[in-house]
Structures are given as C-alpha cells and as structure tokens.
Amino acid sequence: MSRTAPAARAGSAADPAVPGQHAPSPAGAPAASSDAASRPSAPRSGHAAAWAELLRLPALFTVPGDALAGAAATGARPGRRTLLAIGSSLCLYEAGMALNDWADRAEDAVERPHRPLPSGRVRPAAALTAAGVLTGAGLALAAGAGRPALAVAAPLAATVWAYDLGLKHTPAGPVAMAAARGLDLLLGAAATGGGTRAALPSAALLGSHTLAVTAVSRRETTGGSVLAPLAALATTGVLTRLVADGRIRLPAGRRAAAAPGLPGSTPPARPTGTNGALTTALTTALAAAYAATAARPYVHAALNPSPPLTQRAVGGGIRATVPLQAALAARAGAPVASLLVAALAPAGRMFARRAAMRKVSIT
C-alpha cells in the first residue's frame, strides 16, 4: 500500500492546491525578540507538520474501506478482528509512505525539493526507522486478527517494500501497486471471515482501479501522456458497469451454512423485496459517484496532458477509491458498511482542508 493513495502537499496561502508550493513552517517565521515563550513551540509544530506531510495523513481515509469491503464480501459481521485488520492496513500503508520518500530522497531532491526529506525537515534515518516500526506493528496487529489475516498481511508487507525499493520505476510497478490494494481488501476478508475466496472478485475490481490510477501517476511530473488517462477512463467505465450491474449474491460463507435443499441454499440472482431494491439503488448510486469522481479529471488530462491536469487526474482517481469501496460493500449486500465507507470521503476532505494538505500525489 505504499503509494496507493496520495501524497499530500501544502500550498501557499493564496492557493493551497498549487503543486510545488510550500507554506513556510512556523519555525521559519520571524518572531519578536521579546516573545521568547513562543519560540520552543514553533519547531515542534513544524516537525509535526513535516511528519504529517511525509505520512500523507489525509490519504488514510482511503484505507479502512478496503477491510470493510473485504469483510462485506465474506458475509460475516465485522468485529474486533476487522478492527485489527484496519489497524494493520493503516500501519502498513504508512510504512509504505515513509519508505517511499526514503527510497526517492535523491530523486526528490531534484524534482520535489520541498518534500520533508530533501528539505531537511525529516531525517532519512528517521523515515526508514518509522517504515520498519510501522511494518512490524502492522504484522503484529494482523497476527492478533488470526493466522489467516497474518497469511495475507505478510505478502502485503513484502509487496509494499518490493514496490518502494525496486519495482516502482519498472513496468511491474503499477501491477505491484494493484496487488497491494487487492491484498489489503483480502486482509479484511481473512480477518473477518477466515478466508479470502469470496472476496477475490472485489479485490480484482479494486486492484484494476488502482492499476489504472498508478499508470496515470507515472507521468504526473512530466505530463505528455494521452494514452494513460484514456485507458483509465475506459477502465472506470468497465468497472462502473460491473459493479452496478453485478448480481448481489449471498456470500459463500452464508451459502455453505444453509443445508442443501433448505430455503436459502440457492440465493436469488437479484435481491428481492424492499431491502433488495434499496440495496440495488444504493449500489447503483455509489457506482455512479465513483464514475463521476474519476471520469471528469481523466477526460481533462486526456485532452490536455499537462502536469497539473495529470496530477488532478491522479487525485480524482485516488478520491474515487472510497466510493468504489462503498459500492463493493453495497454490492455484497452490506448497506450499513457501505454507508460507513462512503462517509470517509467527506471526512477525508474536511481533514485535508484543516491540515492545509489538499494537493495529493501518488508518486
């Protein structure tokens, strides 16, 4: 999950969304010599802001939906183990954020000197240490959720490190990113239901979306790619159709629980009754929200593949992850979980505005 969501960048006071601009840290602001009491707090504030930027805190709101969508696919009720899976996902995600900047510190010194490591606001050794500690914490939380969860978290952690340290700049980079996001969804399924088979279709859909966004992100600093946003736009259309038109079936765990020949052993192809109609409507609405969030910036980037519009396309694709997760949960017959996931989108935007971290990037 290294880089499965955006890197937040602070902007200027006039336009916090402008890439490459950076608000001066409190420690750098002039202070009157008589105001000695305020001096110690400024460095601490600037240090905390640097770590918040390094770890891309607003992007964390795209993570819990993975586990919740995976849990919904199993048909099991989310519980303590689901929460442990979410905690594991958050830790592994943040490990990827810190490791990414550590691995890219030389490149960022040239292309993104405002970032925490090249600007000197966070030491490289501290970032690498944080990546290791967060990875260990993520694996420990997964172990607490059970052996099936740990069996998924271990390859997830390995994918995170492999992507950041070697695969990112290779043709396998987008595939590794997609695999990480898919494994994160399977982590929620394994922790909640004890298995991953029922969640494989949802993982494939979410991974396909991540693959498309990552392919666009590879040109976000240089622009010039028309094919990548067009391919992402086509992928969005296909995924929207599959999610909205997909049959909401009783998850495998529930089918197995019903004895052959008894009512419920063969679920209907479509949900019936008022609840079924509401679930279908919710799935359709969330799928439409996903398409609306992702498609427009892809179109703009295809028409004018400049770096700013490419970056907006990446941001739109990342923001679309949340309604996609919610739609997958609704499609699996878990409307309450889907609404909880959908609520993370406005919460993330509000947090980003308050933290002055509105500009996002995936690289």
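**Entry 1: α3 and α5**

I started with helix α3 (residues 80-103) and helix α5 (residues 124-144), which pack at about 160° with their axes 8 Å apart. Axes here are lines fitted to C-alpha atoms, for helices over the stretch in contact, and angles run from 0 to 180 degrees between N-to-C directions. Helices are DSSP runs of H or I, at least four residues, numbered from the N terminus. This is a predicted model: local features need pLDDT of at least 70, side-chain atom pairs count only at pLDDT 80 or more, and totals for chains, interfaces and linings use all residues. Residues are numbered from 1 along each chain as its sequence is written, and side-chain values use heavy atoms, with hydrogens and water left out.

I noted α3 and α5 as roughly antiparallel (angles over 145 degrees). The crossing of α3 past α5 is left-handed, meaning the near helix is turned anticlockwise from the far one by less than a right angle.

Next I listed contacts (heavy atoms within 4.5 Å). On α3 they include L84, C91, L92 and W102; on α5, among them, L128, L134 and L141. By class, I have 15 nonpolar, 5 polar and 2 charged residues in this contact. Ala, Val, Leu, Ile, Met, Phe, Trp, Tyr, Cys and Pro count as nonpolar, Asp, Glu, Lys and Arg as charged, and the others, Gly among them, as polar.

**Entry 2: α8 and α13**

I moved to helix α8 (residues 200-217) and helix α13 (residues 321-331). Their axes come within 11 Å and cross at roughly 165°. I noted α8 and α13 as roughly antiparallel too. This crossing is right-handed (clockwise).

S202, L205, L206 and H209 of α8 meet T321, L324, Q325, L328 and R331 of α13. I get 4 nonpolar, 4 polar and 1 charged residues for the contact of α8 with α13.

I then checked cover on α13: 11 of its 11 residues are buried (under 20% relative accessible area, 1.4 Å probe, protein chains only). R331 is one of them. Just after α13, G333 has a positive phi of about 90°.

**Entry 3: aromatic pairs**

I looked for ring pairs of Phe, Tyr and Trp (its six-membered ring), with centres within 6.5 Å. The count is 1.

F61 lies in the loop between α1 (41-55) and α2 (64-74), and F351 in helix α15 (residues 344-354), so the pair ties together parts 290 residues apart in sequence. F61 is partly exposed at 21% relative accessibility, and F351 is partly exposed at 33% (between the buried limit and 50%).

How values were computed: Helices (H or I, at least four residues) and strands (E, at least two) are DSSP runs, numbered from the N terminus. Angles under 35 degrees count as roughly parallel, over 145 as roughly antiparallel, 65 to 115 as roughly perpendicular and the rest as oblique. Rings of Phe, Tyr and Trp (its six-membered ring) pair if their centres lie within 6.5 Å; planes under 30 degrees apart count as stacked, over 60 as edge-to-face and the rest as tilted.
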